Amino acid sequence: MKMQSNFLCALTLFMTASFGMLQAQEEKVTTEFGVKGGFNMSNLYQSEADDNNVIYGFNAGVYATLPISDFIAIQPEILYTTKGAELDYNNAFVDGNAKFKLNYIEVPLLVRVNITKNFNVHAGGYASYLVSSKVTGDGDINFDEAIDTDDLNKFDAGLSAGVGVDFNPISVGLRYNYGLTTVGKERTVAGTTYTFPDAKNSNLTLYLSYKLN
């Protein structure tokens, strides 16, 4: 099953479960500043994002909501977020798993639309900077090695879309990030040009935010 399909299913369930708690729109969007954090499900994809080789992680940071009309706002965020992928292997020689971990400072820039007082949808893009990476392994062979970020593409960018439910001052939400930039760098060896790893980030996150003002 594709990661996008999982997101759509989760989004439908999330909206259905939340619908009974929503109130009619009575208040305008207001300026907000807050903190947020969440649980990540991430992997890497080449041609199509799927739910294979998922690695679990987290995100944490700050956000602002800046109204541009009664029900629409721009929402910038600054987050520390973990991404990557996990691979299980089992052959005649060894078995175990390896985790490829990527840690980013991420800046989403979203357009948020309040459908009701308590329910919003948001979409936009993000840009990220790779601050650290490593590969770890458990099984017949154990290892924990840092990867020089100069060997990878330090910048990542992609598309974001999600939903949120507000229970002032706490909000919960679900968001999917679809990477458009390859994680690996392009290299030329013996006249042959290749990119390794030739894959892009895919990330589904469940988050909790707290309004400070």
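Visitor: Is Phe39 buried, partly exposed or exposed?
Guide: This is a predicted model, so the class follows from a computed area, with buried meaning under 20% and exposed over 50%. Phe39 has a relative accessible area of 40%, which makes the residue partly exposed.

Visitor: How are the rings of Phe39 and Tyr56 arranged, stacked or edge-to-face?
Guide: Phe39 belongs to strand β1 (residues 32–45) and Tyr56 to strand β2, 17 residues apart. Their ring centres are 5.6 Å apart and the planes meet at 15 degrees. Planes under 30 degrees apart count as stacked. The pair is therefore stacked.

Visitor: Is Tyr56 buried or exposed?
Guide: Exposed requires over 50% relative accessible area. Tyr56 has 54% relative accessibility, so Tyr56 is exposed.

Visitor: What is the arrangement of the rings of Phe58 and Tyr80?
Guide: This pair also links distant parts of the chain, with Phe58 in strand β2 and Tyr80 in strand β3 (residues 72–90), 22 residues apart. Phe58 is partly exposed at 41%, and Tyr80 is partly exposed at 28%. The ring centres are 5.9 Å apart and the planes are at 35 degrees, so the pair is tilted.

Visitor: Which residue has its side chain in a polar contact with that of Ser160?
Guide: Ser160 is found in strand β7 (residues 155–167) and counts as buried because its relative accessibility is 4%. Beyond residues up to four places away in sequence, Ser160 touches several others, including His122, Tyr126 and Arg175. The polar contact between side chains, at 2.5 Å, is with Asn177.

Visitor: Which residues are joined by a cis peptide bond?
Guide: Most peptide bonds are trans. In the loop between β7 and β8 (170–182) lies Pro169. With omega at about 10 degrees, the cis bond joins Asn168 and Pro169.

Visitor: Which lysine lies over the face of Tyr207?
Guide: A charge counts as over a ring if, among other conditions, it is within 6 Å of the ring centre. Lys83 lies over Tyr104 at 5.6 Å from the ring centre. Over Tyr207, at 3.8 Å from the ring centre, lies Lys36.

How values were computed. Residues are numbered from 1 along each chain as its sequence is written. This is a predicted model: local features need pLDDT of at least 70, side-chain atom pairs count only at pLDDT 80 or more; totals for chains, interfaces and linings use all residues. Side-chain values use heavy atoms; hydrogens and water are left out. Helices (H or I, at least four residues) and strands (E, at least two) are DSSP runs, numbered from the N terminus. Buried means under 20% relative accessible area, exposed over 50%, partly exposed in between (1.4 Å probe, protein chains only). A polar contact is a pair of N or O atoms within 3.5 Å; within protein, one must be able to donate a hydrogen and the other to accept it, and residues adjacent in sequence count only if both atoms are side-chain atoms. Contact means heavy atoms within 4.5 Å. Rings of Phe, Tyr and Trp (its six-membered ring) pair if their centres lie within 6.5 Å; planes under 30 degrees apart count as stacked, over 60 as edge-to-face and the rest as tilted. A charge sits over a ring if NZ of Lys or CZ of Arg is within 6 Å of the ring centre and within 35 degrees of the ring normal.
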